[in-house]
Structures are given as structure tokens and as C-alpha cells.
Amino acid sequence: MPPVLHGMPPILQDVPVQKERAPTLYAIIVFKLFKGAVLLLFAFVVFSMGSADLRDEFVRSLKEVSQAAGRSPFGGAEESLQNISLRTIQLIAVGSILYGVFSLVEGVGLIFRASWAGWMVIGESAIFIPLEVWEVLARFSIPAVLILVLNLAIVWYLYSNRRRLFANRFSG
């Protein structure tokens, strides 16, 4: 007679476990995939533009964002940003590629409910919380509070539901 695993009769041990539906996890997945796609699209646009037009377009975009927001969303750093070099803009685009790919990998990992992806998202979201708290305390704004609350919710949800979401593959 084969051994009984975890108190389950041998005939049921080979039956695949149905994953529970997790709408919040699906929302996190969509958010990660969307963020990764937007970051990659941004980098694509930066690298597809001519180098002469890139800096001028960047400065024009900064002015439009400031006017649309009604106040400086950059904390008064527009003058510094307007003097940004082409090389710095290209480095920002490379960073967007790296962070975009990272977000896409997290999203795909969560689709397959891989435990490493759960820990990646928990770690990535948690690492920004102190910076976001500092930002809210230094320059209070509704978007900063919303981002802080969103990251806190993601960390809390994934950590507290890790065993249910990632079944027996989650160690810890």
C-alpha cells in the first residue's frame, strides 16, 4: 500500500488541486503587466526619436505636465530638468527597460502563481514604502498618499494570503 501524504487517501493524491479564484491577485497581475508595458513603450519612444529632438520634446513635455497639473508635480525641479542632458534621458530610458522587464517578469510569475514572484512583488512594493512615507510627510499630495496606500495594500494582501495564493509551492 502506498504511503498516505498529508492525511489524503492514495487515490486522491494525484488529483490536481484547483486554484482558488483571486480577483485581487488578478488586479495586481494586470497592474504589473500594464506598468511593464508602459515603461517599455516609454523607452521605445525615447530610443526611436532623433537625438536632436529628444531633449526639446522632453522640455516641452515637462511644461505641459506642469500646466496640466496646475502646479509643479516635480517639486520645483523644472529648471534642473530642463537642463538635463541627452545622455541622462537615455539612461532613464535604459532604467525604464530594466524596470519594465522586471514588472513583466513579476506579472508573468504571478500568473503562474510562482512563489518567487510573490516574494518579488512583496519585496519591490515594501522597499518603496519608506520613501513614499517620506514623500507624503515632506510634500503632501493625494497621488502620493494613493500610491502609498496601494503599495501597503499589495504587501499586506500578498503576504497575508501567500499560502492560499501560492498553494504548497510557497515556502515561508
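Biologist: Which helices each supply at least two residues of the lining of the largest pocket?

Modeller: α1, α5 (115-138) and α6 each do so; helices here are DSSP runs of H or I of at least four residues, numbered from the N terminus. This is a predicted model, in which local features need pLDDT of at least 70 and side-chain atom pairs pLDDT 80 or more, whereas totals for chains, interfaces and linings use all residues. Residues are numbered from 1 along each chain as its sequence is written, and side-chain values use heavy atoms, without hydrogens and water.

Biologist: How much space lies in the largest pocket, and which residues are closest to its centre?

Modeller: A pocket is an open set of points on a 1 Å grid over the protein atoms alone, where a 1.4 Å probe fits, with protein on both sides within 12 Å along at least five of seven lines; lining residues have an atom within 4 Å of a point. The largest pocket holds about 320 Å³, the volume being the space filled by probe spheres set on the points, which are joined across faces, edges and corners. Its lining has 14 residues, of which Lys35, Tyr99, Glu132, Ile147 and Asn151 are the closest to the centre. Helix α5 gives the most, with five residues.

Biologist: How does the lining of the largest pocket divide by class?

Modeller: Eight lining residues are nonpolar, two polar and four charged (nonpolar: Ala, Val, Leu, Ile, Met, Phe, Trp, Tyr, Cys and Pro; charged: Asp, Glu, Lys and Arg; polar: the others, Gly among them).

Biologist: At what angle do α1 and α4 pack?

Modeller: Two packed helices are described by the angle between their axes and the distance between the axes. For α1 (residues 23-48) and α4 (residues 86-111), the angle is about 155° and the axes are 7 Å apart; axes are lines fitted to C-alpha atoms over the stretch in contact, and angles run from 0 to 180 degrees between N-to-C directions. The two helices are therefore roughly antiparallel (over 145 degrees; under 35 is roughly parallel, 65 to 115 roughly perpendicular, the rest oblique). The contact of α1 with α4 has 22 nonpolar, six polar and three charged residues.

Biologist: Which residues make the contact between α1 and α6?

Modeller: The axes of α1 and α6 (residues 142-160) come within 11 Å and cross at roughly 130°, which makes the pair oblique. Thr24, Leu25, Ile28 and Phe31 of α1 meet Leu150, Ile154, Tyr157 and Leu158 of α6, with contact meaning heavy atoms within 4.5 Å. By class, seven are nonpolar, one is polar and none is charged.

Biologist: How far apart are the axes of α4 and α5?

Modeller: The axes of α4 and α5 are 8 Å apart, at an angle of about 135°.
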